[in-house]
Amino acid sequence: MPSAAAKRDPQSWFAPALLIVAAVTLLRLIALAFNRTDLFVDETQYWLWGQHLDFGYYSKPPLIGWLIRAVTELVGSNAPFWVRMPGPVLHGMTALALGALGARIGGRSAGLWSAVIYVTLPFVALGSVLMSTDTVMAPFYALALLFSYRAAQGGRLADALVAGICAGLAFMAKYAAIYLIPGLALAALVAPSWRMGWRNALVMVVTAGLVIAPNVVWNLNHDLTTVSHTMDNVGWVRSGAMLDLPSMGEFFGSQFAVFGPLTFGALLLGYVSWGDPGKRGLVMLSIPPLLAVTIEALLDRAYANWAIAAYFAGTVLAVLVMGRIWRIAALAVNGVIALMIPLLTVLAPWPAKDGQPLLKRWLGRVDLSAHILALAKADGVPIYTANRDILADLFYTGRDAGVTVYAPAPKGRAHSYYEQMWPLPVGYTGKLLVIANQAPDCGRGPVAPAGDLAASGTWAGKGFAPYLVEARCVRSQD
């Protein structure tokens with residue numbers, strides 16, 4: 001519980017936290033201005049969603065597309081900086097929301113350290129140089145936790161209403177926000193301080209439901225497209241489960257890098273701090289995402305970022321576990337990582353490993369698209385490719401090129417946003433510039449390349465080349 005001093009001055013944590021978070025955010029924005037990496041495939045896809053506003057998209061809910069569109073429209077630029085600019089700002093907001101939650105639970109010191117620790121976490125540093133749905137979800141998830149706690153402490157209807165709005169917006173950013181449901185329910189079950197009462201709980205649930213209703217309706221009108229894609233990611237749902245202990249171990253070990261080695265260690269220790277009522281609710285709010293994704297890794301596979309939802313309440317819990325020296329050490333370790341990540345993006349393509357840039361996955365995309373677009377314009381033909389990464393960047397880099405881009409026509413359910421929106425028309429019979437890593441055979445042996453793409457970065461050595469062929473040849477290959 002907060003100390004008497006903290007109760008007398010409940011906002012005393014805010015000024016120093018705001019100063020530190022604002023300074024870190026400003027430095028990240030400056031580094032972002034010198035970032036030399038290309039937008040990643042997911043980032044260009046999110047940008048493209050924003051050009052076609054809707055209440056849902058193929059693989060994710062719509063908030064990230066709306067946000068990118070709003071920012072780029074406001075500043076009048078689609079440059080990579082503006083696509084990524086919301087990242088550092090959103091994480092700064094999240095840090096302050098968690099600071100407010102920490103201060104209410106543990107006092108001034110917990111509030112200040114929650115904000116400072118969060119803003120320097122490794123996954124936050126990465127989410128501040130690459131735009132992702134985790135980043136957009138973060139402030140709303142944290143605010144939903146904060147206002148849920150306020151509703152439980154003060155019983156105010158307005159706090160429950162805001163908690164519902166924030167929970168709904170978190171869900172509109174990423175479906176992982178659904179972990180709020182078991183988390184808040186379990187927290188209320190084991191910790192009286194998280195019990196907001198039936199009236200406030202109902203208000204929160206109804207409000208969140210109204211916020212997410214447009215996406216629910218969109219999914220129902222589009223054959224549950226986003227839900228189906230989410231089930232595709234949960235591989236064992238489609239193909240059956242397997243017990244893969246190395247996969248589970250790899251995922252769990254990766255969390256020391258995602259959350260920071262010392263902070264993750266503190267979090268694990270916090271999970272066994274059951275006797276402390278101040279920590280008990282936070283344990284229940286943090287465990288469900290980490291446990292669920294660890295099981296998913298055992299049954300099939302899981303990416304390192306899939307348990308991010310565990311680390312909002314988890315940050316406050318880890319801070320409450322750590323003493324002063326531990327907090328300083330964690331800040332130092334995480335701070336080094338948080339500094340190295342943007343520095344690497346500024347120095348790219350240096351450093352290199354085995355003759356390839358360390359960040360090669362984020363390089364060479366714009367160059368490849370520029371070569372493809374130049375060849376298509378020279379020949380006056382549309383572009384056709386089945387590669388999602390190439391499609392994503394072609395739409396972004398070629399946004400003003402006046403070149404038509406097609407994806408394969410789906411057979412049954414579409415397997416990408418591009419198949420869903422820009423399939424090769426049935427009636428098209430002209431020539432296409434096909435981009436593939438295997439030469440098409442139109443009946444007289446493999447077709448010769450129509451040029452050199454000078455592939456670099458992520459495309460170096462992957463064998464992609466341009467081929468000028470008739471549309472009927474493409475259809476025969478499919």
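Is Cys-166 buried or exposed? I looked it up: Cys-166 is buried, at 7% relative accessible area (buried is under 20%, exposed over 50%, partly exposed in between, with a 1.4 Å probe and protein chains only).

Ground rules before going on. This is a predicted model, where local features need pLDDT of at least 70, side-chain atom pairs count only at pLDDT 80 or more, and totals for chains, interfaces and linings use all residues. I number residues from 1 along each chain as its sequence is written, and side-chain values use heavy atoms, leaving out hydrogens and water.

Next, disulfides (cysteine sulfur pairs within 2.5 Å). My search of the whole structure turned up 1. Cys-442 and Cys-473 are the partners, S to S 1.9 Å. They sit 31 residues apart and tie distant parts of the chain together: Cys-442 is in the loop between strand S5 (431–436) and strand S6 (465–470), Cys-473 in helix H23 (residues 471–477). The torsion about their S-S bond is about -85°, so I noted the disulfide as left-handed. Cys-442 is partly exposed at 34%, while Cys-473 is buried at 2%.

Then the overall picture. I have 23 helices and 6 strands in the chain (DSSP runs, H or I of at least four residues and E of at least two, numbered from the N terminus). Of the 478 residues, 52% count as buried. The C-alpha trace spans about 85 × 50 × 45 Å along its principal axes. Last, contacts (heavy atoms within 4.5 Å): among those with a separation of 6 or more, 75% come from residues 24 or more positions apart.
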